Amino acid sequence: MRRALISLAEVVFPFVVVGILWQAFHLLGPFPPKLFPGVETIVSTFVRLVGNGILPVHALTTILRLIVGFLLGAVLGVVAGIVMGRYRWAEDLLVPVVSVGNPIPGLAYAPLFVIWFGLGNLPAVLLVGFAAAFPVVVNTWTGVKAVKAIWIRAAESMGAPEHQLFRKVVLPGALPYVLTGLRLGLARAWRVLVAVEMLTSVSVGLGWLIFGAREFLNTDVMLAGIAVIGCVGLALEKLVFQKLEEFTVVRWGMMAR
Amino acid sequence: MHHLELRSITFEYATADGPLTALRELSFAVEPSEFLCVVGQSGCGKTTLLNVVAGFLKPTRGAVLLGGKPVTGKGFDRGIVFQDFAQLFPWRTAQRNVEFGLEMKGVPRAEREEVALRFLRLVKLEKFARSYPHELSGGMQQRVAIARALAYNPAVLLMDEPFAALDALTREEMQRLLVDVWRETKKTVIYVTHNVAEAVYLADRIVVLTPHPGTVKAQVRIAMPRPRDTLSVEFLECQREVVGHLGGR
Amino acid sequence: MRHPGVVRPILGTVCSFGLAALVWESFARSGLFAPALTPSVVAIGAALGRMLLDGTLLRHVLYTLYRILAGLALAAAVGLPIGMLMGRFRHVERFFIPLVSVLSPIPSLAWVPVFILWFGLGNTAAIALVFYAATFPIILNAWTGVRSVSRLWIRAAEAMGADERVLFQKVVLPGSMPFVITGLRQAFARSWIAVVGGEMIAATSWGLGWVIFDSKEFLNADVMMASLVVIGILGLAFERLIFQAIERRTVGLWGMVKAVAG
Ligand SMILES: Nc1ncnc2c1ncn2[C@@H]1O[C@H](COP(=O)(O)OP(=O)(O)OP(=O)(O)O)[C@@H](O)[C@H]1O
Ligand SMILES: [Mg+2]
């Protein structure tokens, strides 16, 4: 009980320090309060936006787009990565395309997707999937190639046919890399999505909430929106990926805690 | 008829500077339930030889016959234990590792579990059936690997210096255990090592290879009854004979 | 390496781009979209040539690069010390972990409207944006890097009489190099995205992101595609020429990581 309190205090303390610094800057800094609101304004705006349902609607819409787009990209990426890792022709063909496409920010394709698919959900979801696929492909491919030859030999000597080899050896063997790829892909999807919501002027979504607030210099609304974005991102990492890892690669000793 | 026969095997690796002969005109045979050790200096082609027998490498010339029939590629009939501890699948518990070969054969679950536990008991690891490989010591992992290679009942067990990376005490214990397991299961074993004392302790017969490229230099039959006393005059005499073949040109 | 010789990879690259161009070309000519929206490979090449010749491309590239490099330098100056101190001292670690784990998942572009209000349109906002995008990968990797330095090396150095300063300079710093380089790499990739996105949203009239956004307004798909190609080439060039060279000269040489073949 005491330990729990102490560790809670340890987590809260840095935020208190940052809050005090923020407040000092708010009072003493060069910005007018409208542009650099105090902590109390941000908190009360946050509470008001949650209370009247505005923030939850925007957040849920954004999360839904994220999930659909990311799943699309993840499935595509894992399949392409495995094929590249196992077949030489696919590797020779796809590696150059992927290594040029990967460093291009997903957002740079946004205008292209907009002129092709118009505004709204479709281009947003497609772009998110497209951007997320790259890190997934690269890591899955690396992971499949990093599967120890000795595991494959052992499985083959026990008579494993190709499809079993795939499911029971290659996939779990590559899993640490695949998970890393999915994690990077999700982070990238998240970044692209928020930006796309700003650019393609969809009518709901966290990105739009922040961007729209600019018109009226509502810095407090922007900051409240940013806080939600941070919390959603954190929750995805802690609740989804860390749990997934704990039950697989960490349990198997393939990755240190 | 011999159980396993190697007929003038030649193996060449394709390297950047042309073919490199690792094995040349190598022939010997193994009888049913025989424990055969292959010794030779590092780099003489022992691992290559085992990989050829296992079917991972196709001999450039010559053939491997199992029960009189030439073997092509890999198959259920040869179990293999590598030197590397990392051969176990980290994502499966000890028991599930041992079950793998049975799974490939389509053995139903209940029977699989029973067989796996029986072989884990044989290597004295039944208490660790549910542990993951990273929770076991190196020696324990090698014992699981032996259980895994035996569980699906291959005709021949191939072992490539499985205990080379263990400390001397553990290695001795493992050698005793291996002899017990072998007597219990009556398997035909080909065991590759560069440790002469180990070979004399384990083998019914020792095949000595020449240094690079590997070919059969001599064969020594070890007739001592088991368990063998490693300090007896007879043992040291055998050891001296094998070392003599290894050293002489 | 899996590729003996150089013929195969080059052939692969040529085939791959040839195929990509072919697919694009047939897509462009299929009439699925209006030709203005899907320019042919020739049109894209022509747009690229035009921009190169009249010097606008160079100017756009220089603006973008300036913003990236300034922001990146700032991020390294702040992020490396924080990350290293986190790896070395428990108190620092405990203080920064909660902050970093809340702030780092926020996409830097979400800050764009705020930064515009604070700093106005222009270089300052763009550099602040790059700074935000680049700092967290640098911190996280420096932190991991310091923690990954083998206890054995530290003990050995201490046994040979190294004090805290020498230890840091001669053991911890080189020992954490592979991670630090990875961090800079990731930071660069992220800055690239941030700056292009920032330039799109906060139109500043120069910069590669701005070109893309501007050509969308006028439906100049050829200019847009040409700029995309330039972005891709620049990103690849940085990775190949700078990061891989640094890696080969340091950690690759020390055998700590397998250097990636050119
Ligand atoms: N993949 C390969 N490509 C080319 N040459 C190889 C390859 N593997 C082994 N060789 C060569 O073949 C010879 C025999 O190698 P092998 O690994 O079979 O030796 P070994 O007897 O098992 O040695 P050790 O006792 O050190 O394990 C060596 O000279 C080695 O250089
Ligand atoms: Mg060997």
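A residue counts as near a molecule or strand if one of its heavy atoms lies within 4 Å of it. This is a predicted model: local features need pLDDT of at least 70, side-chain atom pairs count only at pLDDT 80 or more, and totals for chains, interfaces and linings use all residues. Residues are numbered from 1 along each chain as its sequence is written, chains are lettered from A and ligands numbered from 1 in the order in which they are written, and side-chain values use heavy atoms, without hydrogens and water.

**View 1. The shell around ligand 1.** Around ligand 1 there are 14 residues. Ser42(B), Gly43(B), Lys46(B), Thr47(B) and Thr48(B) come nearest. The shell has 4 nonpolar, 8 polar and 2 charged residues. Here Ala, Val, Leu, Ile, Met, Phe, Trp, Tyr, Cys and Pro are nonpolar, Asp, Glu, Lys and Arg are charged, and the others, Gly among them, are polar. Strand 1 (4-15), strand 2 (18-30) and helix 1 (46-54) of chain B each supply at least two shell residues. Helix 1 of chain B gives the largest share, 3 residues. Helices (H or I, at least four residues) and strands (E, at least two) are DSSP runs, numbered from the N terminus.

**View 2. Polar atoms facing ligand 1.** An N or O atom in the side chain of Thr47(B) is 2.6 Å from an oxygen atom of ligand 1. For Gly43(B), a backbone N or O atom lies 2.8 Å from a ligand 1 oxygen. His212(B) has a polar side-chain atom 3.3 Å from an oxygen of ligand 1. Alone, ligand 1 exposes 630 Å², and the protein buries 63% of that. Accessible areas come from the Shrake-Rupley method with a 1.4 Å probe; for residues, only the protein chains shown count as cover.

View 3. Asp204(B) sits in the loop between helix 6 (196-202) and strand 9 (205-209) of chain B. Is Asp204(B) buried or exposed? Asp204(B) counts as buried because its relative accessibility is 17%. Buried means under 20% relative accessible area, exposed over 50%, and partly exposed in between (1.4 Å probe, protein chains only). The side chains of Asp204(B) and Arg226(B) are joined by a polar contact of 3.1 Å. Such a contact is a pair of N or O atoms within 3.5 Å; within protein, one must be able to donate a hydrogen and the other to accept it, and residues adjacent in sequence count only if both atoms are side-chain atoms.

**View 4. Leu5(A) in chain A.** Leu5(A) lies in helix 1 (residues 2-28) of chain A. Leu5(A) is exposed, with a relative accessible area of 51%. Chain A has 10 helices and 0 strands.
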